[in-house]
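This report describes one protein chain and is meant to be read beside its sequence and structure. Please keep both in view while reading.

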Amino acid sequence: MSLNSVVIAFSATSTPSKILKRSHNDVVSRNITMVLENLLKNYESSQLPTHGREQPTVVQTNILIRSMGPVSELDMEYSMDCYFRQYWRDQRLSFLGPIKSLSLSIKMLERIWRPDTYFYNGKHSYVHTITVPNKLLRISQDGDILYSMRLTIKAKCPMELRTFPMDRQSCPLILGSYAYTSKDLVYRWQNEASVNFVPGMTLSQFDLISFPYRNFTLTRREGDFSVLQVSFNLQRHTGYFLIQVYVPCILIVVLSWVSFWIHREATSDRVGLGITTVLTLSTISLDSRTDLPKVRYATALDWFLLMSFFYCIATLLEFAGVHYFTKVGSGEIPVDEDDWEDFNESEDEPASAADLVENAVSAANRAGRRRSSLICPIYNNSAVYYTSKRTSLTSNVQVTPPPVRLTMERTTQTETRLPKWKQFIYCLKGDDKFRKQRQREAASANGGDGRHGPRHVNSVSLIDRAARVLFPASFGFFNLIYWMIYFMYQDDFKWGDSKLGSLGH
């Protein structure tokens, strides 16, 4: 048997089956065409499926969410990509035939009735059209219709940012009919699992805590409308803000406390450190507000930044108090008691030649000591004295200058006789008389009655010593209260949070 005869015989046996299959498909296609023509022959697409029956048309809905986000605090909105499905029954489209359901072209949507569903809080939603419009229409024998489409929904999300960034937000999605009241059209969720998410879906800045949904009736000027609502309850992640805002602010505040251990003579160092910390906090504050709306209230982040500002500025003010009330002179040489006396009486008396020489020598000694104190350390020691002999220009009288007391910064506070509370009151008043008295006491080597020992100028201030304890302790205490308030006291989600009263038109 040749190969050609085998091919011919095979073709002869297979041709009838192909012809039968093709003829069956042709019959089915003709039946579908005839069914559609019969269904649409007397069909009125402008009328409800239950027109004339005195009962509303029921539309059942479910949503499969593919992705969600971003959630924008600046615009108070969120977006999501989902499959939105609607089911209803139109008995005018029921048919009999070998096929249980028909998957039709989306062009059929223009020839049949469909619900005028819209999103009450939607801002900019659209149907995906790549590569073709992502829509599905399916009709069963009983007239049950499935209308599915892929949507990207951008909806409003009213936010309360008082506890930002430890806040919880409830972002609603509200949908219903635009024109039909509840007497004509009723929306219902299809079942208990009408809102689902694709496995593995996550949000970048939030945790999805729950997504309750409900049916309810919304009253508008036109009447009562059937509405569906699903609320996406979100809990914000605080890790980003801890790393980018809170920890840097805490470190900057701690850095400003370094000035308490810097000697009060280093004025430029302490002031420069304080100004640097304030400017750095200003930069962090401005950067943290770029993605937030300009709300009329302060957020939790604002309160923390204000507290940090307060401590940095208080550090500068603390040094201003130290500088004004406890710092005497430059800390290089003591101020003699005679320098604070009134010189009017001495000016009236004639000065002798010996007095003039003695004054010149004393001035020279002070200038020399001031120059030497800028180069090398000088210690406060009442036992150290030196003398020098000078010869007058007009006579051979030897002039012995008074003993010169050398000084340096010590680690004890300038002694005072007044009670602490009275000193505090004088400091608050800015009493110049009290300030000069403190300077005179600090300048004298011994008390006026000889009972007191040497006093030291520009030592470590008691204000600095107190600030080393009070500032860290109070800052830690306020931080403890801050985190307890915003983490432990958070309101539960409520349906009334969505403010539905403003959604009517």
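In this predicted model, a network of salt bridges links Arg 66, Asp 81 and Arg 150. Side chains of opposite charge can pair when their charged atoms come close. Arg 66 counts as partly exposed because its relative accessibility is 32%, whereas Asp 81 is buried because its relative accessible area is 8%.

A search of the whole structure finds 12 salt bridges. The table lists some of them.

| Salt bridge | N to O distance |
|---|---|
| Arg 92 and Asp 90 | 3.0 Å |
| Glu 160 and Arg 162 | 2.6 Å |

The surroundings of these residues may also be described. Asp 90 has a relative accessible area of 0% and is therefore buried, while Arg 92, at 26%, is partly exposed. Glu 160 counts as partly exposed at 40% relative accessibility, and Arg 162 counts as partly exposed at 42%.

Another part of the chain is built from paired strands. Strand β12 (residues 213-220) and strand β13 (residues 223-236) pair in the antiparallel sense over eight bridges. The two strands form a hairpin with two residues between them. Thr 217 has Ser 226 in β13 as its bridge partner.

Strand β13 also holds Asn 233. Is Asn 233 buried or exposed? Asn 233 counts as buried, because its relative accessibility of 4% is under the 20% limit for that class. The side chain of Asn 233 makes a polar contact of 2.9 Å with that of Ser 170 and one of 2.8 Å with that of Ser 210. Leaving aside neighbours within four places in sequence, Asn 233 is in contact with several residues, including Asp 207, Pro 212 and Phe 493.

A nonpolar patch lies on the surface, with about 940 Å² of accessible area together; among its residues are Phe 477, Ile 481, Met 484 and Phe 487. Phe 487 is found in helix α9 (residues 462-488) and counts as partly exposed because its relative accessibility is 45%.

The chain as a whole has nine helices and 15 strands. Of its 505 residues, 37% count as buried. The accessible surface of the chain comes to about 29,600 Å², and 57% of this belongs to carbon and sulfur atoms.

Notes
Residues are numbered from 1 along each chain as its sequence is written. This is a predicted model: local features need pLDDT of at least 70, side-chain atom pairs count only at pLDDT 80 or more; totals for chains, interfaces and linings use all residues. Side-chain values use heavy atoms; hydrogens and water are left out. Patches are made of residues with over 30% relative accessible area and no salt bridge: like charges are joined within 9 Å, nonpolar side chains (Val, Leu, Ile, Met, Phe, Trp, Tyr) within 5 Å. Accessible areas come from the Shrake-Rupley method with a 1.4 Å probe; for residues, only the protein chains shown count as cover. A salt bridge is a side-chain nitrogen of Lys or Arg within 4 Å of a carboxyl oxygen of Asp or Glu. Helices (H or I, at least four residues) and strands (E, at least two) are DSSP runs, numbered from the N terminus. Buried means under 20% relative accessible area, exposed over 50%, partly exposed in between (1.4 Å probe, protein chains only). Two strands pair if DSSP finds at least two bridges between them. A polar contact is a pair of N or O atoms within 3.5 Å; within protein, one must be able to donate a hydrogen and the other to accept it, and residues adjacent in sequence count only if both atoms are side-chain atoms. Contact means heavy atoms within 4.5 Å.
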